[in-house]
Amino acid sequence: MQSELDNIQSYMTTEEEFEKKVENINTAEIIVLRNLTKFPIYNKDFALPDMTVGLNHQGYARALYDMHEISFTKNELAVVLPNHLLCPLESSKDYSITLIILSGKFVDEMKHRTLTHDYSKFHIDPSTHLTDEQVSQFMKIVDVVEMVSNMTEEQLPNRHEMLIYLVGVAFELLNTFRKHQDVSRESSRNNVLFNEFCDLLSENYRKTREVSFYAEQLNLSPKYFSKIILDTVGISAGGWIDEYVATQAKQILNTRIDMNIQQVAFYLGFKEQSDFCRFFKRTVGMTPKQFRKQPKDQKD
């Protein structure tokens, strides 16, 4: 087992390797990565379609979550929801974390089939501090989740159903831990709307970047909708849409070397390559071509 963990740690050293590992998430449904000592990359936004649960065993880390700075210390458990922006900033030399990655499709099914979970409460405050005993209790569930996720449908015909149940239990346990901490964690209507906006954006950002579209989908006026987003995350709705699209663009430019600039532009829903280049230059501060030519460690 230790050699397997060592292999995972050495494998998770670069952005490309991390993305290659996550590519298998739709088939695996859940991936457990133990005792990682660093993020695959720092000072760069990620907007994964999957849910990531991280439990910090020692050391500390800082990151931007939806542009709010958060710190992550020993015994803290953080839930990063699908399609939200995460930008790791730094971590200590003794940092050690277990990651549980759940596919977006799996999370969607959980929402409809498990006990009621108010996932929106993780938007503004994604982390929960656990006691040593609570860490031990939570990791016992992770052990079983990992065992089941590593089995095939042939080995365990009801594998999927068991994973749905086990993850539901894990979140019920986490809800119990949170209830004993700060009552101010209760989700506000603004946070719920922001969550719905993020879901809509992840589904439609290639079709439209118009604030009015998302406001209409949420049955709000564009002015009131923009105010809610500004009050919730400190950036306008239009600014958030631009940031999200730019993050997706940077990820594609980094990873899809088989796609030229024009193909990236069309994939993201821009009618003309020139429109995409102007958008990227305005949002990122350089052209897509200049961004692609940068060394990996300089891209943010």
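This is a predicted model: local features need pLDDT of at least 70, side-chain atom pairs count only at pLDDT 80 or more; totals for chains, interfaces and linings use all residues.
Contact here means heavy atoms within 4.5 Å.

On the α5 side, the residues involved are Q134, Q137, F138, I141, V144, V145, V148 and S149. They meet R159, M162, L163, L166, V169, A170, L173 and F177 of α6. Helix α5 spans residues 132-149, and α6 spans residues 159-179. Their axes lie 10 Å apart. The packing angle is about 170°. Angles over 145 degrees count as roughly antiparallel, and α5 and α6 are therefore roughly antiparallel to each other. Their crossing is left-handed.

Helix α10 covers residues 237-255, and helix α12 covers residues 273-284. The two axes come within 10 Å and cross at roughly 105°. That makes α10 roughly perpendicular to α12. The contacts of α10 are made by D242, V245, A246, A249, K250 and L253. Their counterparts in α12 are F276, F279, F280, R282, T283 and V284.

The protein chain holds 13 helices and 8 strands. The accessible surface comes to about 15000 Å². Carbon and sulfur atoms contribute 51% of that surface. Among contacts with a separation of 6 or more, 73% join residues 24 or more positions apart.

The order is β4-β3-β6, and the pairing is antiparallel. Strands β4 and β6 (86-91) stand at the edges. Each has a single partner strand, so one side of each is left without a neighbour in the sheet. The twist averages 25° from one strand to the next.

Within this sheet, β3 (residues 61-65) and β4 (residues 68-72) pair in the antiparallel sense over 5 bridges. R62 stands opposite S71 in β4. A63 has I70 of β4 as its bridge partner. The two strands form a hairpin, with 2 residues between them. In the turn, D66 has a positive phi of about 50°.

Most residues other than glycine have a negative phi. E29 is not a glycine, yet its phi is positive, at about 75°. This residue is found in the loop between α3 (25-28) and β1 (30-36). Buried means under 20% relative accessible area. E29, with a relative accessible area of 12%, is therefore buried.

N43 likewise is not a glycine and has a positive phi, of about 55°. The loop that holds N43 runs between β1 and β2 (51-58). N43 has a relative accessibility of 40% and so counts as partly exposed.

How values were computed
Residues are numbered from 1 along each chain as its sequence is written. Side-chain values use heavy atoms; hydrogens and water are left out. Helices (H or I, at least four residues) and strands (E, at least two) are DSSP runs, numbered from the N terminus. Accessible areas come from the Shrake-Rupley method with a 1.4 Å probe; for residues, only the protein chains shown count as cover. Two strands pair if DSSP finds at least two bridges between them. Axes are lines fitted to C-alpha atoms, for helices over the stretch in contact, and angles run from 0 to 180 degrees between N-to-C directions. Angles under 35 degrees count as roughly parallel, over 145 as roughly antiparallel, 65 to 115 as roughly perpendicular and the rest as oblique. A crossing is left-handed if the near helix is turned anticlockwise from the far one by less than a right angle, and right-handed if clockwise. Buried means under 20% relative accessible area, exposed over 50%, partly exposed in between (1.4 Å probe, protein chains only).
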